[in-house]
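Hi everyone, thanks for making time for this one.

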Amino acid sequence: MHSKEFRLFTPGPLNTSMQVREAAGRDLGSRSPTAIHLSAQLREEIVHIAECDESWSAVPLSGSGTFAVEAMLCSLLSADDHLLIIENGVYSARMLDICHIHSISHSVLKLPPHQGFDLGLIERAIKQTPLVTHIAAVHFETALGVINDIDGLTQLANAYGCQLLIDAISTFGVLPLDYSAPSLCAVALSANKCLHGLPGLAFVLARKDVLATYVPPRTLSLDIKAHAKALDSHGQWLFTPPLQIMLALKQAIDEYHQQGGRHARHHLYTQRMAHLLSGMERLGFSPMIELKFCAPLIVTLAPNPGTQCEIDKLNEFLFQRGLVIYPTKHWAVNSFRIGIMGELSIQDIDDLLAAFAEFTSQSATPPLLKFFS
Ligand SMILES: *Cc1c(COP(=O)(O)O)cnc(C)c1O
């Protein structure tokens with residue numbers, strides 16, 4: 001039996017190291033010097049990993065990545081602001097729901113979900129939305145595995161004087177952003193994607209001047225300005241911090257640095273993805289997204305014509321073997337996603353490929369032979 005009960009080839013939660021899980025196994029008082037030091041350390045580490053300067057501040061929150069996106073949108077926009085959401089997938093669509101619920105003034109530019117940004121269309125939308133002050137987008141849409149050109153978007157935002165709010169939850173720690181761009185104002189991230197921490201802790205990385213500007217709050221528990229103020233003044237969270245998850249993230253970040261940081265993790269993920277794709281290609285599966293819009297994080301695959309594969313049965317077959325992949329949520333019906341983030345090895349990918357081989361050879365057996373075997 002493999003040492004991991006489940007091997008998660010998903011967009012999250014992801015596999016974590018034993019040391020990370022063990023780091024969570026102790027009690028801590030939230031007002032203890034250890035807890036106060038831990039919060040400060042994690043905030044500094046996030047700024048350090050982002051490679052941004054002292055004009056940025058990392059504000060931690062309890063909850064999954066969505067909490068950070070919601071906190072970012074509803075804390076930073078005033079009643080006079082107008083947000084343009086670039087929607088090309090499930091996670092940018094979620095931003096729309098957030099704006100509806102909090103009555104945030106917004107418009108949407110809907111783009112096809114299976115490809116990255118068309119900057120020409122975005123520029124036209126900015127021109128057609130004279131009210132626009134802010135733009136929100138997702139760096140890597142994990143729903144289909146599509147990378148968006150945030151650098152290109154940043155240049156447009158610079159040119160039109162807009163502020164950018166980015167969901168970098170699935171890329172933070174592996175793919176960089178240009179934090180020196182004047183338009184970039186806030187970024188949402190979480191502990192349990194490329195940082196390999198436990199789920200339940202998220203951050204909004206924001207410019208200090210933006211955090212210091214008062215906006216009447218739309219929310220109590222997700223008000224990152226209030227959270228930042230409390231942490232900056234006395235080092236303590238406004239509400240109970242997820243201390244065990246924080247201890248685990250500290251361990252995960254130590255491992256991240258020991259393993260060589262962002263470039264090393266990017267290299268590792270690239271190797272894993274290449275290994276996965278060549279193996280899947282041999283078994284008769286191809287990526288559904290053009291390679292120029294893919295990133296070494298998660299990929300949508302579909303059976304080639306002639307490859308026998310019923311996706312529902314496949315999921316069940318793999319799940320029974322502790323191998324977890326996800327179906328695609330929309331657009332590409334007869335397909336599935338395989339992620340390579342988290343604590344996985346080439347051996348884990350080989351085990352997944354072997355299970356795929358077993359499943360497809362079974363499916364390919366003529367019914368009569370199956371009957372007699
Ligand atoms: C994982 C993820 C989120 C957060 O989703 P949760 O369900 O809150 O964990 C948001 N955006 C992207 C792009 C993600 O990959």
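Let me begin with a term: a cavity here is a set of grid points where a 1.4 Å probe fits but cannot get out, and its lining residues have an atom within 4 Å of a point. Please keep in mind that this is a predicted model.

The volume of the largest cavity is about 80 Å³. Its lining is made up of 13 residues, and nearest its centre you'll find Phe172, Gly173, Leu175, Pro176 and Leu177.

The largest pocket holds about 360 Å³. It is lined by 24 residues, with Ser64, Gly65, Thr66, Ile169 and Lys193 the closest to its centre. Helices α3 (65-76) and α4 (90-101) each contribute at least two residues to that lining.

In soluble globular proteins, nonpolar side chains tend to be buried together. Here, the largest nonpolar core contains 55 residues, and Ile135, Ile166, Tyr179 and Leu205 have the most contacts inside it. Which helix gives the most to this core? That would be α9, residues 243-258, with nine residues. A separate core of 36 residues lies apart from it, and includes Phe140, Leu344, Ile349 and Phe359.

Beyond its neighbours up to four places away, Val138 touches Tyr91, Ser92, Met95, Phe117, Asn148, Ile150 and Asp167. Ile126 is twelve residues from Val138 along the chain, and their C-alpha atoms are 17 Å apart.

Back to helix α9. With 16 residues, α9 reaches 23 Å from its first C-alpha to its last, close to the 22 Å expected at 1.5 Å a residue. Its buried residues include Leu243, Ile245, Met246, Lys250 and Glu255. Among the elements covering the buried residues of α9 are α1 (18-23), α2 (33-50), β10 (201-207) and α10. After α9 comes Gly260, with a positive phi near 110 degrees.

That brings us to α10, residues 261-282. This helix has 22 residues and reaches 32 Å from first C-alpha to last, close to the expected 32 Å. Buried or exposed: what are Arg262, Arg265 and Arg272? They are buried, along with Gly261, Tyr269, Met273, Leu276, Leu277, Gly279 and Met280. The buried residues pack against α9, β11 (285-287), β12 (298-303), β15 (336-339) and α12 (346-364). Just after α10, Gly284 has a positive phi of about 95 degrees.

One last stop: Asn315, in helix α11 (residues 311-320). Why does Asn315 count as buried? Its relative accessible area is 18%, and buried means under 20%. Setting aside neighbours within four places in sequence, Asn315 contacts Ile325 and Pro327.

Methods:
Residues are numbered from 1 along each chain as its sequence is written. This is a predicted model: local features need pLDDT of at least 70, side-chain atom pairs count only at pLDDT 80 or more; totals for chains, interfaces and linings use all residues. Side-chain values use heavy atoms; hydrogens and water are left out. A nonpolar core is a set of buried Ala, Val, Leu, Ile, Met, Phe, Trp, Tyr and Cys residues joined through side-chain atoms within 4.5 Å. Buried means under 20% relative accessible area, exposed over 50%, partly exposed in between (1.4 Å probe, protein chains only). Helices (H or I, at least four residues) and strands (E, at least two) are DSSP runs, numbered from the N terminus. The expected span of a helix is 1.5 Å times one less than its number of residues. Contact means heavy atoms within 4.5 Å. On a 1 Å grid over the protein atoms alone, a cavity is a set of points where a 1.4 Å probe fits but cannot get out, and a pocket is an open set with protein on both sides within 12 Å along at least five of seven lines; lining residues have an atom within 4 Å of a point. Grid points are joined across faces, edges and corners, and a volume is the space filled by probe spheres set on the points.
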